Amino acid sequence: MTREARILIGITLLTVPTIIYGGLTLLGVLTRGAAGVKAPELTALQQSLFRAGHAHAGVLVILSLVLQLALDGARLGPGWTWVARIAAPAAAILVSGGFFGLAFNPSLRWLLYGGAALVALASVTAGVGLLRAL
């Protein structure tokens, strides 16, 4: 594993407690405070957006970790490698933040769209780099 991958994996792993806290908060919302962290009352739409934000955070953090390792084997220029390395964890933050933001302010949907673009950028860049390394 390269030094760069270790740095980004280490930083990304430090975000996992925020996902844990989000899960406990979501548990509090869904159980109306019977379990998890005491949370505010949310509408059905807000609950759905919180579920989506939490699920996407976990999945995209795992994807980010996998992409860091995949980029070690990709044949890309250093600039493109760093773009993909940074875009992957940033996408996890923006997509999940977009869902949470959208629950309260529809104008924050740009976070969701920006994060989706970063997921595509990181995935396609890593995929092309891996195919070029064949």
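1. Helix α5 covers residues 109-132, and its length agrees with expectation: at 1.5 Å a residue its 24 residues should span 34 Å, and the end C-alpha atoms lie 35 Å apart. The coordinates come from a predicted model, and this applies to every point below.

2. The buried positions of α5 are Leu111, Leu112, Gly115, Ala122, Thr125, Ala126 and Gly129. What do these buried residues of α5 pack against? Their partners are α3 and α4.

3. On the overall fold, the chain has five helices and zero strands. Taken in sequence order, the pattern reads α-α-α-α-α. The C-alpha trace spans about 50 × 30 × 20 Å along its principal axes.

4. The chain has 134 residues, of which 37% count as buried. Among contacts in the chain with a separation of 6 or more, 66% are between residues 24 or more positions apart.

5. Helix α4 runs over residues 78-102 and has 25 residues. From first C-alpha to last it reaches 35 Å, close to the 36 Å expected at 1.5 Å a residue. Where is the kink in α4 centred? It is centred on alanine 90, and the kink amounts to about 30°.

6. Threonine 81 also belongs to α4. Is threonine 81 buried or exposed? Its relative accessibility is 13%, so threonine 81 counts as buried, the cut-off for that class being under 20%. With neighbours within four places in sequence left aside, threonine 81 is in contact with Leu71 and Leu76.

7. The structure holds one cavity of 30 Å³ or more. The volume of the largest cavity is about 30 Å³. Which residues line the largest cavity? The lining is made up of Leu60, Leu63, Ser64, Leu67, Ala88, Ala91, Ala92 and Val119.

8. As to where that lining comes from, α3 and α4 each supply at least two residues. The largest share is that of α3, with four residues.

9. The loop between α2 (16-30) and α3 (44-72) contains threonine 31.

10. Most residues other than glycine have a negative phi. Arginine 32 counts as exposed because its relative accessibility is 59%, where the exposed class begins over 50%.

Notes:
Residues are numbered from 1 along each chain as its sequence is written. This is a predicted model: local features need pLDDT of at least 70, side-chain atom pairs count only at pLDDT 80 or more; totals for chains, interfaces and linings use all residues. Side-chain values use heavy atoms; hydrogens and water are left out. The expected span of a helix is 1.5 Å times one less than its number of residues. The bend at a residue is the angle between axes fitted to the seven residues ending there and the seven starting there. Buried means under 20% relative accessible area, exposed over 50%, partly exposed in between (1.4 Å probe, protein chains only). Contact means heavy atoms within 4.5 Å. On a 1 Å grid over the protein atoms alone, a cavity is a set of points where a 1.4 Å probe fits but cannot get out, and a pocket is an open set with protein on both sides within 12 Å along at least five of seven lines; lining residues have an atom within 4 Å of a point. Grid points are joined across faces, edges and corners, and a volume is the space filled by probe spheres set on the points.
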